[in-house]
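Keep the 3D view open while reading.

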Amino acid sequence: MLEFVVKRILNGLMVLWLIITLTFMLLRLMPGGPFTMDRKLPPAILKNLETKYKLNDPLIVQYCDYFKGLFRGDLGPSFKYEDRTVNSIIADGAPVSFQLGIKSVLLSLLLGIPAGVISALKHGKWQDRILSLVTVAGIAIPGFIVASLLMIVLALKLNLLPTAMWGGWKYQVMPILALSLGPMAVITRLTRTSMLDVLGQDYIKLAYAKGLSDYTVLWKHALPNSLIPVVTITGPLIAGIVTGSFVIESIFAIPGVGKAFVTSIYNRDYTLILGMTIFYSALLIFLNIVVDIIYPLLDPRITMLTKKEA
Amino acid sequence: MENVSFDTSPVVQDISAFEDMKTPSMSYWQDAWRRLKQNKYALLSLGIIVGIILAAIIGPFFSAYSYSWQELDSINHSPSWEHWFGTDALGRDLFIRVLYGARISLSIGVVVSLINLGIGVIYGGMSGLLGGKVDRLMMNFVDILYGIPSVIYVILLMVFLKPGLLNIFLAMGIAGWLGMARMVRGQILSLKEQEFVLAAHTIGANRKRILWQHLLPNAMGIIVINLTLAIPRAIFLEAFLSYIGLGVAAPMASWGVLANEGVSVLRVYPYQLFFPSLAICLTLLAFNYLGDGLRDALDPKMRL
């Protein structure tokens, strides 16, 4: 167990280092500096700016400096917003994005799993057909279209909810719905397939033969076993919600990290892009490691020992 | 011993009885097509896809407008007989822009998927075929790359490269092949232990021939399914990139760019978002349904 965890963490760190290095090199090699604008800056000011941000040092020195900063947890300054650092921008946005993300994950699990179970129990009946239709639509329709539709109907036509910004629960309904629809569809489909598979197994027949009630068979035997595959996609699911939040936060003008990331791309704010990329990569890698560690705990059939050790 | 006789006639009769029951012999692809034809949704989807492709290729020739032509006296006109989908803020005909958008979005979907497939087949095929240490090394490399969140990685590449069609092909092409490589490798690994490969070995076929003539054709079903499902994924990702301002350059516009422009005037002219969104949804739904139908038709596990 411990060996597996250590190995997994080392692997994650290596990936992170690879991403940081690649990103750093890509952004430094880019044609046009961060201060290239429509209006040309006077050479003296440009020189001062470049000295301030140490852009004239050799690449390898800049790289080492950046890493020194990273070890202190410092992601550097923002090029566009003079008095702000990448850290402060992330710290400002993170609570909002975190709230949005957690609620979306929970909603997609709370609706997706029961929908999948119903679909499997009513296999081939009208409930299953309708849910399948909704599922494919949920997978196929991009989040920004869902968001726009919600905005037109709920906010503009019916005036039920505020169109944008961030505040109480009223402001959260549409973004959370838009963010969780896709993942919900994926979960529904996966739960359905896995549940159908489990229901066909011999131990379910045995449970019925023993005279157990439908309720016990479903809750004690079928459901726990069919949820194991759902855990495996939690990683990609969270990644989907995180990247989905870039667009959703921008549409609803939510002051989260995702919106800041998109703005930094529009602004070509290199240090901010670099910092955000590292932040997001680290987050996703960390979550994947957590899922990988939890998964074997849920399913005793999967051991973390490799063949050689077994 | 003399009185033990083998009467073979009933057995012969049995075989002939079975022969009568046999369905006409069909190749794998004929059988798959027969199954697909029974799936109404998949057929309808195929029809929609063919229709959209034809409209994208032929449509612009029959239109009086071009995608960049601006009519300054008809700005933000609602849909009418003259402009079927209305006009945008620069007085451009939206119908023709959606048709041109189809060309761009579809070609992105197809080209990107084919690049992914090409790299995936070569990498995964080699890894599976060579096996042993090489396989382990090659798959470790894929595992490491798999840890990189691919959307963020594509965004970065697009920030680095200038926005444009070729660069989208490049960035998305080199970012999305990992899944394909894993899938092809898995298929090759399970196929290469089978007798027909051994037979090919014994009559002296070399590795290259075995891969291209024996292994890949047998993995083709799974490859086709994955390709069909990769196309909508690429269109989806491109729409997403365009949406955050990293798509093709103006005045060209993919569906994602059109939708993005539509959102900015959502409150006043909702039709400008509606039509590009409709095109995106219809295409993605059709490809997904077709992919699901193909999976049912081609997946050997489903064959009875």
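This is a predicted model. Chain A has 310 residues, and 33% of them count as buried.

What is chain A built from? Its secondary structure consists of 13 helices and zero strands. The C-alpha trace of chain A spans about 85 × 65 × 30 Å along its principal axes.

Next come the contacts within the chain. Taking contacts in chain A between residues at least 6 apart in sequence, 73% join residues at least 24 apart.

How far does the predictor trust chain A? The mean pLDDT of the chain is 80, and 90% of its residues reach 70 or more. Residues 305-310 of chain A have a pLDDT below 50, and this stretch has one contact in the model beyond near neighbours in sequence.

Now turn to the place where the two chains meet. Chain A gives 35 residues to the contact, and chain B gives 31 residues. On the side of chain A that touches chain B, the elements that give two or more residues are helix H1 (2-29), helix H5 (126-140), helix H6 (143-157), helix H11 (234-251), helix H12 (257-267) and helix H13 (270-298) of chain A. Which classes of residue make up that side of chain A? There are 27 nonpolar and eight polar residues, and no charged residues.

Definitions and conventions
Residues are numbered from 1 along each chain as its sequence is written. Chains are lettered from A and ligands numbered from 1 in the order in which they are written. This is a predicted model: local features need pLDDT of at least 70, side-chain atom pairs count only at pLDDT 80 or more; totals for chains, interfaces and linings use all residues. Two residues are in contact if their C-beta atoms, placed from the backbone, lie within 7 Å. Helices (H or I, at least four residues) and strands (E, at least two) are DSSP runs, numbered from the N terminus. Ala, Val, Leu, Ile, Met, Phe, Trp, Tyr, Cys and Pro count as nonpolar, Asp, Glu, Lys and Arg as charged, and the others, Gly among them, as polar. A residue is buried if 20 or more other C-beta atoms lie within 10 Å of its own, exposed if 12 or fewer, and partly exposed in between; C-beta atoms are placed from the backbone. pLDDT is the predictor's confidence in each residue, from 0 to 100.
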